Amino acid sequence: MDLTHRPRRLREDRVRELVSETSLEPADLIAPVFVDATTGERQPIESMPGHERVPIEDSVARVEEVLETGVEAVMLFGIPESKDATGTRAWAEDGVVQEATRRITAETDAYVITDVCLCEYTEHGHCGTLEPGIRETETGSREDPSLTVDNDATLESLRKTAVSHAAAGADMVAPSSMTDGMVGAIRDELDGEGFDDVPIMSYAAKYESAFYGPFRDAADGAPAFGDRRHYQMDPANAREAMREVRLDVEQGADVLLVKPALPYLDIVADVRREFEQPVAAYNVSGEYAMLHAAAEKGWLDLEETARESLLSIKRAGADLILTYFAEDIAEQLR
Ligand SMILES: [Zn+2]
């Protein structure tokens, strides 16, 4: 038997950690937090077991729970008390994210990243101002194939929103609307207002994905009509992702995010190879919900599959991971 090469030699318990290529740390994880201005008490999110929408009054307590697990960063999403056609509550000084950010940064050491988008703030649920001439019908079910967001008008709203978050104390802003030119516009506005030290984590390659379903329960951001395929990416495209990411890099993005994560690990790996900036991946609500659903049926082990999922995202090249598993995995790792 001539077997010179036996990879099994390095799989013995005492050596496998020494040769392990990838590790997962609580410091790699970002926990999404939903702050809801419409509620006075915590509301469980049915399709995302273990997650809640919390009132502004509870935002500090919620973030303290995250910090106790060893996770040091949170991503804030807001559900405003009211919505309108252009999403004006997104940049209100007394808006839900602004208020929560002020409290969290005053009372905790958490690194606060804020979602910069308009879909939670517009009554139609799209990620920006709609093009002139497009109106909602009474049934809200207008199927107009040309329906889309007015790109350049939306840039103005994103500028104001990002600056209002920075003014409230946000450590980093994360534009997620896939508006062309959003990173450059936000960088310009932040710098003009004296926030040149606030980094931008751009949702550089965000796909129009069916895996976002449960998030829409959580953030109340489902479009009332149409879909987001005019501004989010076609799941069929990989080269286009490199183009999207390159544009954001040229506009000054500090961190490059790919969303979703597991069905797009090839994109995570491509971005890692092609660019020097840190790469983030968003392990989205559907990726979380499907493991929970299978575990509930006894078909999968939740802890093991969650951990393996996050490890694979890191192995593909992500430096940081936004995940609903953040707290559970961080506790396991301790
Ligand atoms: Zn959006």
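The questions and answers below go through this structure topic by topic.

User: What kind of model is this, and how are its residues numbered?

Analyst: This is a predicted model, in which local features need pLDDT of at least 70 and side-chain atom pairs count only at pLDDT 80 or more, while totals for chains, interfaces and linings use all residues. Side-chain values use heavy atoms, with hydrogens and water left out, and residues are numbered from 1 along each chain as its sequence is written.

User: Which residues coordinate the zinc ion?

Analyst: Donors are N, O and S atoms within 2.8 Å of the metal (3.2 Å for Na, K and Ca), and water is not among the atoms, so sites may look incomplete. In sequence, the donor residues of the zinc ion follow the spacing C-x1-C-x7-C. At 2.2 to 2.3 Å, the zinc ion is coordinated through SG atoms by Cys117, Cys119 and Cys127.

User: Is Cys127 buried or exposed?

Analyst: The word buried stands for under 20% relative accessible area, exposed for over 50%, and partly exposed for what lies in between, using a 1.4 Å probe and protein chains only. Because its relative accessibility is 2%, Cys127 falls into the class called buried.

User: Which residues does Thr154 touch, not counting residues up to four places away in sequence?

Analyst: Thr154 lies in helix α4, where helices (H or I, at least four residues) and strands (E, at least two) are DSSP runs, numbered from the N terminus. Thr154 counts as buried because its relative accessibility is 0%. Contact means heavy atoms within 4.5 Å. Leaving out residues up to four places away in sequence, the residues that Thr154 touches are Leu118, Cys127, Gly128, Thr129, Val149 and Thr179.

User: How many salt bridges does a search of the whole structure find?

Analyst: A salt bridge is a side-chain nitrogen of Lys or Arg within 4 Å of a carboxyl oxygen of Asp or Glu. With the whole structure searched, the number of salt bridges found is 21.

User: Are Arg62 and Glu327 buried or exposed?

Analyst: For this pair, the relative accessible area of each residue decides the class. Arg62 and Glu327 are both buried.

User: What separates Arg102 and Glu99 along helix α3?

Analyst: The side chains of Arg102 and Glu99 meet in a salt bridge, at 3.1 Å from N to O. Arg102 is partly exposed at 30% relative accessibility, and Glu99 is partly exposed at 22%. Because they are three residues apart in helix α3 (residues 96-107), what separates them is about one helical turn.

User: Where does Met178 lie, the residue whose phi is near 55°?

Analyst: That phi of Met178 is a positive value in a residue other than glycine. Met178 counts as buried because its relative accessibility is 5%. Its place is the loop between β6 (172-175) and α5 (182-192).

User: Is the peptide bond from Lys259 to Pro260 cis or trans?

Analyst: Pro260 is found in the loop between β8 (255-259) and α8 (265-274). For the peptide bond from Lys259 to Pro260, omega is near -5°, and the bond is cis.

User: Which residues form a nonpolar patch on the surface?

Analyst: Patches are made of residues with over 30% relative accessible area and no salt bridge, where like charges are joined within 9 Å and nonpolar side chains (Val, Leu, Ile, Met, Phe, Trp, Tyr) within 5 Å. One member, Leu10, is found in the segment before α1 (13-16) and is partly exposed, with a relative accessible area of 46%. With about 300 Å² of accessible area together, the residues of the nonpolar patch are Leu10, Leu18 and Val19.

Definitions and conventions. Areas by Shrake-Rupley, 256 points an atom, 1.4 Å probe, with all protein chains shown as cover.
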